[in-house]
Amino acid sequence: MQLTGRNIVGYETFSEGTVAIQSINPATGEALAPLFFKATLEELDYAAEKAEKAFQTYRKKSGFEKANFLEKIAEEIENLGDTLLERYMLESGLPQGRAVGERGRTTGQLRLFANLLREGSWVNARIDAGMPDRQPLPRVDLRSMERPLGVVGVFGASNFPLAFSVAGGDTTSALAAGCPVIVKAHPAHLGTSELVAQAVQKAAEATGMPDGVFSMLFDDGHEIGMALVKHPAVKAIGFTGSLKGGKALFDAAVSRPEPIPVYAEMGSVNPVFVLPGILAEKGRAVANAYLASVTLGVGQFCTNPGILFLQNDKDFIDEIENNAPNTQGGVMLTPGIRDAYVRGTEHSKQFTKVMGIGKAPAGHTAVEPVILHTDIESWNAQPDLAEEIFGPTSLIVEANTKEEILIAAQNLTGHLTATVHGTEADFEEYAELLEILEQKVGRLILNGFPTGVEVGHAMIHGGPFPATTDSRSTSVGTRAITRFTRPVSFQDFPDALLPDELKNDNPLSIWRMVDGELKK
Ligand code: NAP
């Protein structure tokens with residue numbers, strides 16, 4: 001497939017706008033061909049109009065039909081072959097192994113959702129059968145299930161050009177729910193976005209999906225993104241990015257005449273606690289595993305461990321001091337992300353001790369890892385230190401007592417994850433720490449690291465604000481589907497008028513709660 005720079009609107013493409021933008025190769029600073037045309041507000045309106053119309057057909061597609069569509073998208077992405085991988089690497093500065101891995105994650109999650117749809121029980125069907133003879137009053141026949149919300153707007157993420165962009169987790173879960181999607185491409189990877197959008201468009205046509213089930217628009221600045229959030233046809237938003245961006249979109253969505261949900265995943269600092277027993281047993285090994293996790297992918301993961309708490313331990317600190325200078329940095333995704341990293345680490349250095357600066361390769365946006373250290377009193381006195389610095393940096397905070405550790409945990413805001421390293425005896429002694437952390441995060445990890453987010457049925461990639469704008473959901477894994485549905489009850493419907501999922505003879509053989517009991 002060829003790059004055209006055109007916006008994809010259902011089965012058509014447009015480039016009516018006069019503003020052209022280009023992706024930048026972060027390794028060289030070079031502007032990459034071709035030019036991409038910023039969408040016009042008319043093109044957005046047209047995409048929204050098509051999507052609204054498509055919803056009336058798409059919402060009624062069976063799980064099997066939607067599963068075929070998702071699988072076809074995966075196949076078309078694979079058919080892009082090296083063209084996609086090469087463009088991904090040029091635009092992101094990420095290496096081939098990561099490109100291949102992320103493509104696998106993207107197609108894997110499309111297929112995982114396809115399986116969920118074929119199995120069908122995700123709709124949470126509930127049946128309270130009518131009791132016309134109940135005394136003193138008859139009981140109505142009441143049946144409920146999840147139904148799609150409507151058109152969903154998705155913002156591509158900078159740090160996952162495939163798995164959290166055009167056909168990434170948000171798009172996949174919205175399409176699986178039965179919602180048409182309009183994607184606002186991330187300006188950091190315009191070519192990757194167009195290639196994947198072409199693959200989705202092709203898959204939609206091949207599987208007989210309605211024109212408008214999917215569109216993708218380019219923007220230069222915030223005009224199209226903001227108009228997407230405010231568009232009356234749009235019923236929900238999926239976003240991954242900065243706290244500032246996510247909060248701006250959330251505020252705009254709740255001030256609409258008809259407010260809509262915004263599922264913004266805005267990253268976090270992912271605190272790690274290393275307890276005394278494990279420090280004594282294998283503190284040096286934990287120190288090195290932590291350095292590896294901090295610097296993985298140039299630290300550009302929302303699950304990067306940004307703070308580590310421990311009670312004074314000289315061996316652990318010595319190990320970090322010895323090995324931090326040997327860690328590797330790399331090219332960051334965009335000049336803006338590099339600048340934010342440099343600004344953030346320079347700011348934190350004013351209030352902390354630098355334990356080690358790693359190495360940076362050559363490259364336009366290349367940075368080195370920065371590992372910082374402070375004591376609990378300075379941590380408590382300087383709230384700025386708790387803010388996320390996106391990139392390969394982390395702050396080690398040394399406390400003196402268990403009490404100080406528990407207070408530090410209690411004072412944390414919401415995060416995506418929290419990690420605790422300990423022995424069995426540590427976990428008994430610090431049971432209260434686990435209780436506190438469960439109330440702060442979406443995922444608790446014991447004796448591991450938060451980087452590496454498994455896409456499955458039990459994954460929660462979410463957490464209380466400011467990690468996300470809605471802690472009741474996840475943006476990774478199959479539970480993400482219910483962000484784009486709402487429950488509907490059908491009262492006293494004859495069997496023929498009910499959706500298949502709620503019919504008496506259970507034609508789809510799904511699990512349902514019938515009079516309070518789960519059965520097939
Ligand atoms: P971002 O600035 O939040 O932008 C994400 C997307 O939202 C972009 O398409 C952006 O368009 C758009 N956007 C942002 N603010 C908007 C607004 N007020 N109205 C309409 N659209 C808006 O995130 P980013 O570009 O990925 O990176 C910037 C920073 O975000 C990083 O330095 C990092 O701190 C953070 N980040 C965090 C995570 C995480 O998961 N923790 C992931 C990625 C980035 P424009 O690009 O045109 O502004």
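**View 1. Helix H2 passes helix H5 in a right-handed crossing, that is, with the near helix turned clockwise from the far one by less than a right angle.** This is a predicted model, in which local features need pLDDT of at least 70 and side-chain atom pairs count only at pLDDT 80 or more, while totals for chains, interfaces and linings use all residues. Residues are numbered from 1 along each chain as its sequence is written, and side-chain values use heavy atoms, with hydrogens and water left out. The axes of H2 (residues 63-79) and H5 (residues 169-177), which are lines fitted to C-alpha atoms over the stretch in contact, come within 9 Å and cross at roughly 155°. The two helices, H2 and H5, are therefore roughly antiparallel to each other, a term used for angles over 145 degrees between N-to-C directions, on a scale from 0 to 180 degrees.

**View 2. The ligand is surrounded by 23 residues, each with a heavy atom within 4 Å of it.** The closest are Ser158, Lys184, His222, Ser242 and Cys302. The shell around the ligand divides into 10 nonpolar, 10 polar and 3 charged residues, and its largest share, 3 residues, comes from H8. Strand S10 (234-240), helix H8 (243-254) and helix H11 (335-349) each supply at least two residues of this shell; helices (H or I, at least four residues) and strands (E, at least two) are DSSP runs, numbered from the N terminus.

How values were computed: Ala, Val, Leu, Ile, Met, Phe, Trp, Tyr, Cys and Pro count as nonpolar, Asp, Glu, Lys and Arg as charged, and the others, Gly among them, as polar. Angles under 35 degrees count as roughly parallel, over 145 as roughly antiparallel, 65 to 115 as roughly perpendicular and the rest as oblique.
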